[in-house]
Structure formats: structure tokens, C-alpha cells
Amino acid sequence: MGLLILVLFIILLFLLASCVKIVPQAYAYVVERLGAYQGTWSVGLHIKLPIIDKVAKKINLKEQVVDFAPQPVITKDNVTMRIDTVVFFQITDPKMFAYGVENPIMAIENLTATTLRNIIGDLELDQTLTSRETINTKMRASLDEATDPWGIKVNRVELKNIIPPAEIQNAMERQMKAERERREAVTRAEGEKKASVTVAEGKKAAAILEAEAEKQSAILRAEAQKEKMIREAEGEAEAILKVQQATADGIRMIREAGADEAVLRIKSLEAFEKAADGKATKIIIPSEIQGIAGLASSVKELVSDK
């Protein structure tokens, strides 16, 4: 009898323990009473009625990520490719999630595949490869609207991989190789052009510097020649001045010695004779020397008488 009471007591303890539930953070429990929806437990301590109440579903409220397998799609220009997607979603209403759809993840996967086919069917291959952001935005809006009755909010959709057929990949690789070679050729041509321009500018600058140097050299030579001519002219002028000074000094000395007019005329004649010894072919005789001829005849007669 005592053993039976002990067993009943242990069973009662287990029942009471099973009625106490602690909901952890970021989770929600959907509770049913006699098969009908009773309520949703949030974070904290909760007590349910034994046998009558039960936790029908434990729901994770954190954002979840689902990576779906590649799906075959056909573009507008009839190119078949495979695209796999990644969906980020979060459960916002535990009750609707628990009773809205039988298998929410499978439903999202199928809905993603059909939505992707509809969007890609309106795009050509090149647009598909270059419009990832547009496709992601359209898919997120469409999936979010479709999953709203299930208590699911789609936060983000990403195209993970776009896998075109092998022949398309080969053609794209050849195109990319040709584009890289073209860019290389353009870069090389631009480099050669810049080098040619630099060389031409260097030659131009060198020619300008050489011309400038030649100009300065010519200016210096002209200035040197000018200075030389000035020095020669000054020397000649100084020589002429000295000759004239010597002549003036000689005439003054003759006059101081008491020489008469005849002696002065003879000296002038001698000076004229020296002037005639030059290389000039034409001599202009001043009017003052016209009387010298008569004076010379008189001198010869005096010499003969003696």
C-alpha cells in the first residue's frame, strides 16, 4: 500500500512539473486546449493545465536563413540557366505561422522558385546577369506579400549563383578575354602616345633652350663686337687727338722761335707731301696751299744763286 502511494506521488510530481513551462528568449509557444488554439506564450514562466493543455508548437522568432537549391529558369531569349537563392525571413505571428500553412519552409521554397521564373522570364540573358539588385528587390516584395498570411516577413532575398549553360560560359569567357585584350591594347597605345608626346615636348623644350642660348650668344657676340669697335674708335680718336696736339705744339714752338710765314708754308707743304704718300688715288688740295707752289719756286732760285 505504501509503495502505491509513493508511485502516485511521483506521478503527481511529474504531472505538476510538466505543467510548468519556461519560454526562453526569442521563442514563442503556441498552446492548445483540447485541440483548439488557447494562446501564445511569450518569454517567461507559464503554467498549463495537465492533460487538457499542451504546447502545440515551439516557434523560433529569430531571423532565419534558408539556402535553396538551384532552380532551372528560362530567360526571355530562351536561354536555360540555373539560379540558387538565399532567403532571409522572420516569423512575426506565431499563431498564423502555426496554422497558416502545413510546411512553411517548403512553401517558401516553391514560392521562391515560381516567382524567380516569372521575373527571369521577362529578362534577357544580359539583363539577368547585370540586374541582380533589381531581381532581388522584386522577389523580396513578391515573397513578403505572399507570406504575410502565414505570419512570415521576408526581409531579404539574394541570388547566390547564376549558372548559365556551358556553351554560354565559354562564349562569355572568350568575350571577357577579348575585352581584356582590347583594354590592354588601348592602355599600351595610350602609354606609347604619352611617351611620344613626352619625347616631342622634350625635343621642343631642348630646341627652345638651344635657340635661346644661340640668341644670348649672338647678343653677347654683338655686344663684344660693339665694345671692340668702340675701343678701336676711341683709340683712333685718341691717336688723332695726340697727332693734332703734337702738330699744334710744333706750330706753337715754330712761332715761338720766330719763324716767318714762309717757313710755315713750307711745313704745310711737307705735311701735304706726307699725306700724298698714302694709297688714296684722289687728293683734294685746300685753297690755302695754292700759294705754296710759288714759294717753292722762290726757294729753288735761292738755292741756285748760292
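User: In this predicted model, which residue forms a salt bridge with Asp-67?

Analyst: The model is a predicted one. In the salt bridge of Asp-67, the closest N and O atoms are 2.8 Å apart.

User: Which strands does the pair of Asp-67 and Lys-160 link, and how many residues apart are the two?

Analyst: Asp-67 belongs to strand S6, residues 64–67, whereas Lys-160 belongs to strand S9. The pair thus joins distant parts of the chain, S6 and S9, and the separation is 93 residues.

User: Is Asp-67 buried or exposed, or does it fall in between?

Analyst: Buried requires under 20% relative accessible area and exposed requires over 50%. Asp-67 has 44% relative accessibility, so it falls in between.

User: Where do Asp-144 and Arg-140 lie?

Analyst: The side chains of Asp-144 and Arg-140 meet in a salt bridge, at 3.9 Å from N to O. The two residues are 4 residues apart, about one turn of the helix. Both lie in helix H5.

User: Which class of accessibility applies to Asp-144, buried or exposed?

Analyst: The cut-off for a buried residue is under 20% relative accessible area. Arg-140, at 29% relative accessibility, counts as partly exposed. Asp-144 has a relative accessible area of 18%, and its class is therefore buried.

User: What is the N to O distance in the salt bridge of Arg-156 and Glu-158?

Analyst: Arg-156 is partly exposed, with a relative accessible area of 48%. Glu-158 is also partly exposed, with 24%. Their side chains meet in a salt bridge with an N to O distance of 2.7 Å.

User: Which element gives the largest share of the largest nonpolar core?

Analyst: This core has 30 residues, and among those that touch the most other members are Ile-83, Leu-116 and Leu-159. Two or more residues come from each of strand S8 (80–91), helix H3 (104–120), helix H5 (132–147) and strand S9 (152–163). The largest share is 6 residues, and the element that gives it is H3.

User: Which residues does Ile-83 touch, not counting residues up to four places away in sequence?

Analyst: Ile-83 is one of the core residues that touch the most other members. Beyond four places in sequence, the residues touched by Ile-83 are Ala-69, Pro-70, Gln-71, Val-73, Leu-116, Ile-120, Thr-128, Leu-159, Asn-161 and Ile-162.

Technical notes: Residues are numbered from 1 along each chain as its sequence is written. This is a predicted model: local features need pLDDT of at least 70, side-chain atom pairs count only at pLDDT 80 or more; totals for chains, interfaces and linings use all residues. Side-chain values use heavy atoms; hydrogens and water are left out. A nonpolar core is a set of buried Ala, Val, Leu, Ile, Met, Phe, Trp, Tyr and Cys residues joined through side-chain atoms within 4.5 Å. Buried means under 20% relative accessible area, exposed over 50%, partly exposed in between (1.4 Å probe, protein chains only). Contact means heavy atoms within 4.5 Å. A salt bridge is a side-chain nitrogen of Lys or Arg within 4 Å of a carboxyl oxygen of Asp or Glu.
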